[in-house]
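Load the model in your viewer and keep the selection tool at hand. Each stop below says what to select next.

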Amino acid sequence: MCHIGRILVKFVIAMAAFSFYNLLNNCIEKESQKVYALLPQYSYYFMSKYFENVFTQILKELECDYATNVHLSKTSDPKNDFIEIDALVKKNDHQIVYFENKTTLSKFNIDDTICKIEKFHSFLLDAYPDLTFEYIIISPYCDETIKESYWYFAKNGYEAREDIKHYTYNFVIPLAKFDNISLRCIVEPEYEKMKTLINSIIR
C-alpha cells in the first residue's frame with residue numbers, strides 16, 4: 001500500500017472512532033419498557049371477528065328473529081356464493097334489516113358496502129320484488145376518513161361526547177342507483193347505547 005493510502009486508512013479509522021465516541025456520549029439512558037403483543041390468531045380475531053360476535057350477542061339479548069353470517073347463492077353450490085351478509089333481522093312490520101358489521105367505520109368499508117348492497121338489491125328487485133329491506137352498516141369505532149369523504153352526509157349525525165374518546169355517528173347516504181334506498185351509517189362505542197339503538201331500529 002502506498003504512503004497516501006496508509007494515511008487515508010488511518011484517517012478513516014480515526015473518524016469512525018471519533019463518531020462512535022460522540023454517539024456514546026450523546027446517548028440518553030431510558031428505562032426499558034416491555035411491549036406486549038397478541039399472537040397473530042388473536043389479533044385477527046379482534047380485528048375481524050370480535051365485533052361480529054358482540055353484535056350477535058346483542059341480537060340474542062333482544063330476542064328478535066335474526067340470522068347471522070348469511071351466505072346467498074344463485075345456485076345450490078355454496079362455492080357460487082355471490083354475497084355474505086353479517087346479519088338479517090326481521091322487523092315487526094315484516095321489513096328486513098340488513099346489517100353490515102365493521103370494527104372501524106371508514107370511507108373504504110362504506111364504499112365497499114355500497115357496492116355490495118347495490119349488487120344485492122339489483123338481484124332482489126329481479127327475484128323478490130315484494131321484499132322490503134333496510135340497509136345499515138354499524139361499528140363501535142370510526143376513523144378520520146368519514147369526515148374527509150362523507151362529511152356532507154355525516155355532519156348532521158355527528159356527536160363528540162365528553163365521556164368517551166371516540167366520535168359517534170348516525171347518518172344516511174342515499175344510493176343514487178335506486179329510488180328511496182339508502183345506507184344508514186352508525187358508530188356507537190357504548191354497548192348498552194348500541195343495544196338500545198338496535199332495538200329501536202328492529203321493532
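**Stop 1: a salt-bridge network**

Select Glu100, Lys102 and Lys116: salt bridges link them in a network. A salt bridge here is a side-chain nitrogen of Lys or Arg within 4 Å of a carboxyl oxygen of Asp or Glu. Zoom in on Glu100 and Lys102, whose closest N and O atoms are 3.7 Å apart. Colour by accessibility. Glu100 is buried at 5% relative accessibility, whereas Lys102 is partly exposed at 27%. Buried means under 20% relative accessible area, exposed over 50%, and partly exposed in between (1.4 Å probe, protein chains only).

This is a predicted model: local features need pLDDT of at least 70, side-chain atom pairs count only at pLDDT 80 or more, and totals for chains, interfaces and linings use all residues. Residues are numbered from 1 along each chain as its sequence is written, and side-chain values use heavy atoms, with hydrogens and water left out.

**Stop 2: across the chain**

Next, select Lys195 and Glu61. They form a salt bridge, with the closest N and O atoms 2.8 Å apart. The pair joins distant parts of the chain: Lys195 sits in helix H5 (residues 191–202) and Glu61 in helix H2 (residues 40–62), 134 residues apart. Helices (H or I, at least four residues) and strands (E, at least two) are DSSP runs, numbered from the N terminus. Glu61 is partly exposed, at 33% relative accessibility.

Move to Lys91 and Glu134. This salt bridge has its closest N and O atoms 3.3 Å apart. It also links distant parts of the chain: Lys91 lies in the loop between strand E2 (81–90) and strand E3 (96–101), Glu134 in strand E5 (residues 133–139), 43 residues apart. Lys91 counts as buried, at 12% relative accessibility. How many salt bridges does a search of the whole structure find? Six.

**Stop 3: cysteines**

Select Cys64 and Cys185. Cys64 is buried at 14% relative accessible area; Cys185 is buried at 0%. Run a disulfide search (cysteine sulfur atoms within 2.5 Å). The count is zero.

**Stop 4: the whole fold**

Switch to cartoon. There are five helices and nine strands, in the order α-α-β-β-β-β-α-β-β-α-β-β-β-α. Now show contacts (heavy atoms within 4.5 Å). Of those between residues at least 6 apart in sequence, 58% join residues at least 24 apart.

Finish with the surface. Of the 203 residues, 35% are buried.
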